[in-house]
Amino acid sequence: MAVPSSAPASPPTTAPVPAPVPAPAAPASAPADPAADGSFRARFGPVALVVSAGVSVQFGAAIAVMIMPRTGAAGVVTLRLAAAALVLLLLCRPKLRGHSRADWMTVVWFGVTMAGMNGLFYQAIDRIPLGPAVTLEVLGPLVLSVAVSRRLMNLLWAGLALAGVVLLSTHGGGGFGGLDPLGAAYALGAGGMWAAYIVFNARTGRRFPQADGLALAMAVAAVLSLPLGVIEAGSALLLPSTLALGLGVAVLSSVLPYTLELLALRRLPAPTFAILMSLEPAIAATAGFLVLNQALSPLDAAAIALVIAASMGAVRSQTRRRTRPLKPQA
């Protein structure tokens with residue numbers, strides 16, 4: 001998730017997004033070299049931020065897998081959400097007054113979806129490799145995108161993603177074919193919560209300034225996850241080494257990627273952002289291989305590629321529809 005990576009409250013990866021306003025044409029005296037006038041940096045700088053955020057999320061998840069033997073999946077979730085909530089509350093210092101009941105209900109539901117998404121995802125990666133887990137999880141936002149667009153082309157993209165899942169279920173041996181059924185179910189459940197997370201993420205971003213809503217929702221998620229973490233990990237949560245690793249997971253999987261994505265979305269069209277987020281399964285597979293020695297077979301890589309292509313295609317088809325010029329009236 002991603003973790004997803006996930007997406008920040010103010011700049012969510014929403015399904016339907018308005019078409020970006022075209023940039024004004026460069027003056028005739030502009031230099032031919034794109035790097036000379038800063039356009040190269042303007043074009044690729046935000047992309048680098050998004051990719052860096054995805055790398056941060058997935059390598060944070062890989063570190064989380066390494067500390068699960070100490071605390072269990074629920075303990076890691078508690079450490080991550082509690083540390084991230086503390087950091088965000090200190091940085092944002094959100095105002096508690098002046099909000100309506102509807103505002104607070106939105107934040108609470110945002111926190112519930114955040115806790116559910118993280119809880120289910122970490123239960124999944126405790127049982128199945130990181131790459132397949134993120135591949136299954138990303139199906140949630142893809143289904144949401146298809147449902148919102150209601151276009152035949154996106155049904156075809158959904159079929160392509162389904163082909164990747166078929167590879168997951170029919171490939172024998174290790175990797176995808178050897179997935180634990182409960183772990184796969186947790187990953188699919190995390191994808192469903194990710195779709196709900198996107199919806200409440202957008203609503204929270206409209207009701208609260210900057211990242212205030214995210215900080216408050218993260219606090220709600222931390223409170224909800226705390227009892228489960230204490231029950232599973234107990235006093236292990238208070239060990240200095242465990243706390244340090246939990247803080248590292250929180251920074252890599254929450255604080256740093258949310259900040260990078262916030263900066264990127266100020267200069268990057270939301271559809272492009274969504275396409276880049278579709279690369280999460282590939283980043284997760286790479287992190288699993290480098291950190292956890294979770295190798296993928298050619299069929300595993302093909303399944304990941306199908307899901308990534310389906311996600312990118314669904315986003316691009318929506319973008320083309322929104323940017324298609326209107327036909328002149330007779």
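1. A nonpolar surface patch of about 220 Å² is formed by L247, V251 and L256; patches take residues with over 30% relative accessible area and no salt bridge, joining nonpolar side chains (Val, Leu, Ile, Met, Phe, Trp, Tyr) within 5 Å and like charges within 9 Å. A salt bridge here is a side-chain nitrogen of Lys or Arg within 4 Å of a carboxyl oxygen of Asp or Glu, and accessible areas come from the Shrake-Rupley method with a 1.4 Å probe, only the protein chains shown counting as cover for residues.

2. This is a predicted model, in which local features need pLDDT of at least 70 and side-chain atom pairs count only at pLDDT 80 or more, while totals for chains, interfaces and linings use all residues. Residues are numbered from 1 along each chain as its sequence is written, and side-chain values use heavy atoms, with hydrogens and water left out.

3. The loop between α7 (212–233) and α8 contains G234, which is partly exposed at a relative accessible area of 30%. Although G234 and T71 are separated by 163 residues in sequence, their C-alpha atoms lie 8.0 Å apart.

4. The chain holds eleven helices and zero strands, these being DSSP runs numbered from the N terminus (helices H or I, at least four residues; strands E, at least two). Of its 330 residues, 48% are buried, and the chain exposes about 15600 Å², of which carbon and sulfur atoms supply 68%.

Notes:
Buried < 20%, exposed > 50% of the residue type's maximum accessible area, 1.4 Å probe, protein only.
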